[in-house]
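Colleague: Walk me through this one, please. I'll ask as we go.

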Amino acid sequence: MGEPVTKARAVAGASEDTIAPLARGPVSVIAGAVAVLLLVTSGRYGYFADELYFVAAGERLSWGYADQPPMLPLIAHAMDTLFPGSLVALRLPATLVTALGVVVAAQIARELGGRRRAQVMTAAVSGIGMVVNGHLLATNAFDGFLWAVVSWLVIRWVRLREEGRSDDRPLLWAGLATAVALQVKFLIPVLWLALAVAALAVGPRDLPRRPLLWAGAAITLLTTLPGLAWQAGNGWPQFEMVRTVSEEVGLNGGRALFLPLVLAQPGLLAGAVLAWYGLWRLLRSPLLRPYRFYGVTAVTVILVFWLAGGRWYYVIGLFPVLWSAAAVELQRRRAARWWRWVPTWPVVALSVLPSLYWLPVLPAEWVRQPRAGENLGVELITIGQFGWPEFADTVSWAYRTLPPDERRDAVVITRVYWQAAALEFYGGERGLPKTYSGSRGYWYFGMPPEGTRTVLYVGDEGERLRTYFGDVRQVATVDTGLGLEVGTPVWRCDDPRAPWPQLWPEFRRTAI
């Protein structure tokens, strides 16, 4: 009891021997509840459009794709091979990393000096905030989790450094986590660049000079080289995707909606309030002074994606640190009266309700089909899980109306990669021929064979098709009742006006 109070103990709240243990019981219960919620709801609707694309891309395993690195197609291929046709199994990896992310968030709170109450609060808010990204097999579920892992390891390195212990191993592990993240999405370099700038600006200034950090960077580079070689060999299509995403975001509110969505989405109520309170305290609190660099990092990352026209969920991996900082500060200081309600269980429980909107919990008959021309917004995630089998039925019917001698050599081409993936997934049992598309990554999967004279084209491009084919006639209209393809026309196109190697580049498109 008579030992001196060290700087580390004042900042981090404890020495290595007395740092608060992880509240394993409550944190495990929260993580388990998140996993159970995702498991029981994951099979209620149907495959989301991007999930069908991941399965299709996984059938063509490659070091790279036009629109992403290879990790998600590889996972989709593995799960669909082990558990064919099981939507719950396909989404199981996303469920697991989302639940594990709750534990990582609690670990971050522990590194910042949080004891049981702060850890449990962080875990609860993290479970609510991350569940919106964890119910689909999607890149943002894995990317957000890996950003949180990297942040936890960097913060651990700072905490050990503040205690006078020189241990750079967390930085090496952070490099390995970065190597994995770059197989999911090409976003995490933004986090590292912001970390480096923030560290040089406000400390710890020796972070960019640590040898094991650069060892991790070397491993990351080596594991990324095959994907970079694929991108270079195919004209760097990822750069075109960046422009396309920016244009799509611009059509859906652009920068004007980016910050409100970042503000509102991470758990709403308790989650949003705690995130922005945590950011403020990281920048202002004397007790969190060693971690101020992360507050600067968060501001920098948010500004970069806002200026670049990125999607709001690109920054979701920042929030576990912000939630942790808020929880730790509320644990340490006497909060104002209104603040005392924010971390209470009634407010946290109420925050669950808006997050459930993103999950497939409502009866399917309650889901509303948007009107023609209506901006889908967040409804895209829900609507995109309906109508794909019926969509394949319509195209299959149109294919069967072809005379047998023409049907034998006909192919299907779709305007959007979602359509092609759905027809590939559901079309085999319906007797459809091979499907092609010029959309995004599908364009690289190949073009129709030489000599193809008859094409069923799916998409609203009748006038454009007449520049490529001598005879174009609409033969069907999709009517799934509910889904993204309601009203989509199906065209029969005959007599291509040029050889396919000459025509196929004209079909390439990156926008949806």
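**Helices, sheet and backbone**

Colleague: Which residues make the contact?

Modeller: On the H7 side they include Leu146, Val150, Leu153 and Trp157, and on the H8 side Leu171, Trp173, Ala174 and Ala177 are among them. Contact means heavy atoms within 4.5 Å. By class there are 14 nonpolar, one polar and two charged residues. Nonpolar covers Ala, Val, Leu, Ile, Met, Phe, Trp, Tyr, Cys and Pro, charged covers Asp, Glu, Lys and Arg, and the others, Gly among them, are polar.

Colleague: Before I go on, what are the ground rules?

Modeller: This is a predicted model, in which local features need pLDDT of at least 70 and side-chain atom pairs count only at pLDDT 80 or more, while totals for chains, interfaces and linings use all residues. Residues are numbered from 1 along each chain as its sequence is written, and side-chain values use heavy atoms, with hydrogens and water left out.

Colleague: How many helices and strands does the protein have?

Modeller: The protein has 22 helices and five strands. Both are DSSP runs numbered from the N terminus: helices are H or I with at least four residues, strands are E with at least two. Of the 512 residues, 56% are buried. Buried means under 20% relative accessible area, exposed over 50%, and partly exposed in between, with a 1.4 Å probe and protein chains only.

Colleague: Next, H15. How many of its residues are buried?

Modeller: Twelve of the 14 are buried, so H15 is largely enclosed by the rest of the structure. Trp323, Ser324 and Glu329 are among the buried ones. From first C-alpha to last, H15 (residues 319-332) reaches 20 Å, close to the 20 Å expected at 1.5 Å a residue. The expected span is 1.5 Å times one less than the number of residues.

Colleague: Now the sheet. What is the strand order?

Modeller: The order is E2-E1-E3-E5-E4, an open sheet of five strands with mixed pairing. Two strands pair if DSSP finds at least two bridges between them. E2 (435-437) and E4 (469-477) are at the edges with a single partner strand each, so one side of each has no neighbour in the sheet. On average, neighbouring strands are turned by 30 degrees against each other, direction ignored.

Colleague: How does E3 pair with E1 and with E5?

Modeller: E1 (residues 411-414) and E3 run parallel, joined by four bridges. E3 and E5 (residues 489-496) run antiparallel, joined by five. As for individual partners, Thr414 is bridged to Val458 in E3, Val455 to Cys493 in E5, and Leu456 stands opposite Arg492 in E5.

Colleague: Is E3 covered or open?

Modeller: Mostly covered: five of the five residues of E3 (residues 454-458) are buried. Thr454, Leu456 and Val458 point one way, and Val455 and Tyr457 the other.

Colleague: Which strands does H18 lie across?

Modeller: H18 (residues 388-400) lies across E1, E3, E4 and E5, at about 130 degrees to E4. H20 (residues 417-427) also packs on the sheet, where it touches E1, E2 and E3, with a direction about 170 degrees from that of E2.

Colleague: What about phi of Arg440 and Asp495?

Modeller: Phi is positive in each: near 50 degrees for Arg440 and near 60 degrees for Asp495. Most residues other than glycine have a negative phi. Arg440 is in the loop between E2 and E3 and is buried at 8% relative accessible area. Asp495 is in E5 and counts as partly exposed at 39%.

Technical notes. Axes are lines fitted to C-alpha atoms, for helices over the stretch in contact, and angles run from 0 to 180 degrees between N-to-C directions.
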